[in-house]
Amino acid sequence: MARRRALHPAFDALAGLTKHPARAPRKPRNTAPRPLPPRDQELFRAAMEGVRPLPPSDRAELDLPKPRPQPLQRRQDDAAALAEALLGPLSFEDRLEMGIEDAFLRPGLPRRLLSDLRKGRWVIQAELDLHGLTREEAREELAHFLATCLIQGYRCVRIIHGKGLSSPGGESVLKALSRHWLARRDAILAFCQAKPHDGGEGALLALLKAPRFK
């Protein structure tokens, strides 16, 4: 019997395939989503009732500009300045603007005139004490006092009306009256409450017109 001739190794591999035929490929599993139960479909339709798709937008999608940097230090400085203005002592001009300074200035005159009077830059040349006088006595004494001061050429005078500590309600009647009388006289340019060492709330400093000599 003749010997079988050896084949190339590649042919041996092909020969092995004939002994073990290839398996048929498996069918892919069905990955389609399962339909919702009828109850869930009804709930979904009820929830989406009235919903309409958005119309297609023809606007270009641009990046929004970045916000400008915030001046934090300037804001802190402004807040500190505001707190200092609110908590700090009021100046004479502030008190006049707010109407809490007991002062009078003839219309048309510069504010500096009243400020100088309040700061004590005028020398007090005469004074009148109205303590213990009735209303009529005080008015007559004040009129006579101012007439004499004008004749003498006095410019700055002090009028002591008292604080009214012993008056009913603790309010000085002569304090209000003297301010009213002074404001009605053309010879008075300005008046204000005296400084503490000049009488404080119990006195006024008044500035008179300059004398006119012939």
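Modeller: Here it is; bear in mind that this is a predicted model. In α6, the buried residues are Ala138, Leu142, Phe145, Leu146 and Cys149.

Colleague: Why do the buried residues of α6 line one face of the helix?

Modeller: Look down the axis of α6: the buried residues fall within an arc of 95 degrees, so they line one face.

Colleague: And which residues are exposed on the other side of α6?

Modeller: Glu140, His144 and Ile151 are exposed there.

Colleague: What do the buried residues of α6 pack against?

Modeller: Three strands come up by number: β3 (156-160), β4 (188-193) and β5 (203-208). Strand β2 (126-129) and helix α7 (173-183) are packed against as well.

Colleague: How does the span of α6 compare with what it should be?

Modeller: It agrees. α6 has 18 residues, 135-152, and at 1.5 Å a residue they should span 26 Å. The end C-alpha atoms of α6 are 26 Å apart.

Colleague: What follows α6?

Modeller: Gly153 does, and its phi is positive, near 80 degrees.

Colleague: New topic: Ser178. Where does Ser178 lie?

Modeller: In helix α7.

Colleague: Is Ser178 buried or exposed?

Modeller: Buried. Its relative accessible area is 0%, and buried means under 20%.

Colleague: Which backbone oxygen lies 3.0 Å from a polar atom of the Ser178 side chain?

Modeller: That of Lys175.

Colleague: And leaving aside neighbours within four places in sequence, what is Ser178 in contact with?

Modeller: His161 and Leu204.

Terms used: Residues numbered from 1 in each chain as written. Predicted model: local features only at pLDDT ≥ 70, side-chain atom pairs only at ≥ 80, totals over all residues. Heavy atoms only, no water. Helix = DSSP H or I, 4+ residues; strand = E, 2+ residues; numbered from the N terminus. Expected span 1.5 Å × (residues − 1). Buried < 20%, exposed > 50% of the residue type's maximum accessible area, 1.4 Å probe, protein only. Arc of directions from axis to C-beta. Contact = heavy atoms within 4.5 Å. Polar contact = N/O pair within 3.5 Å; in protein donor to acceptor, adjacent residues only side chain to side chain.
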